[in-house]
Amino acid sequence: MSGQGVWLRARERLRRFPELLAGCRDQAAAYGKCVAATTTGRAELRKDVCMKEFEALKACFTQAAKKTMK
């Protein structure tokens, strides 16, 4: 297996990644809203406050990444 072939496949997967991640916009928006809502004023973001939203976004990203492997 050539090193160049690996880079060409990786480049192709990365080229398609923004298109695949666009399907995660709802999860990204929900996470962003949670973060914004919990950090109003001088409040700092605390760990695990938006865990549910983060896990949904992470799951979507994982699914999108798996699609790039096909």
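**Notebook: fold, surface and Glu53**

I looked up the radius of gyration, taken over C-alpha atoms: the chain has 16 Å, whereas a compact globule of 70 residues would have a value near 11 Å, by the rule of 2.2 Å times the number of residues to the power 0.38. The model is predicted, so local features need pLDDT of at least 70 and side-chain atom pairs count only at pLDDT 80 or more, while totals for chains, interfaces and linings use all residues. Residues are numbered from 1 along each chain as its sequence is written, and side-chain values use heavy atoms, with hydrogens and water left out.

I checked the box filled by the C-alpha atoms along the principal axes, and recorded roughly 55 × 20 × 15 Å.

I then read the secondary structure as DSSP runs, numbered from the N terminus (helices H or I, at least four residues; strands E, at least two). The chain has three helices and zero strands, in the order α-α-α.

I noted that 14% of the 70 residues are buried, meaning under 20% relative accessible area with a 1.4 Å probe, protein chains only. Of contacts (heavy atoms within 4.5 Å) between residues at least 6 apart in sequence, 59% join residues at least 24 apart.

Beyond neighbours within four places in sequence, Glu53 contacts Ala30, Tyr31 and Cys34.

Key
Buried < 20%, exposed > 50% of the residue type's maximum accessible area, 1.4 Å probe, protein only.
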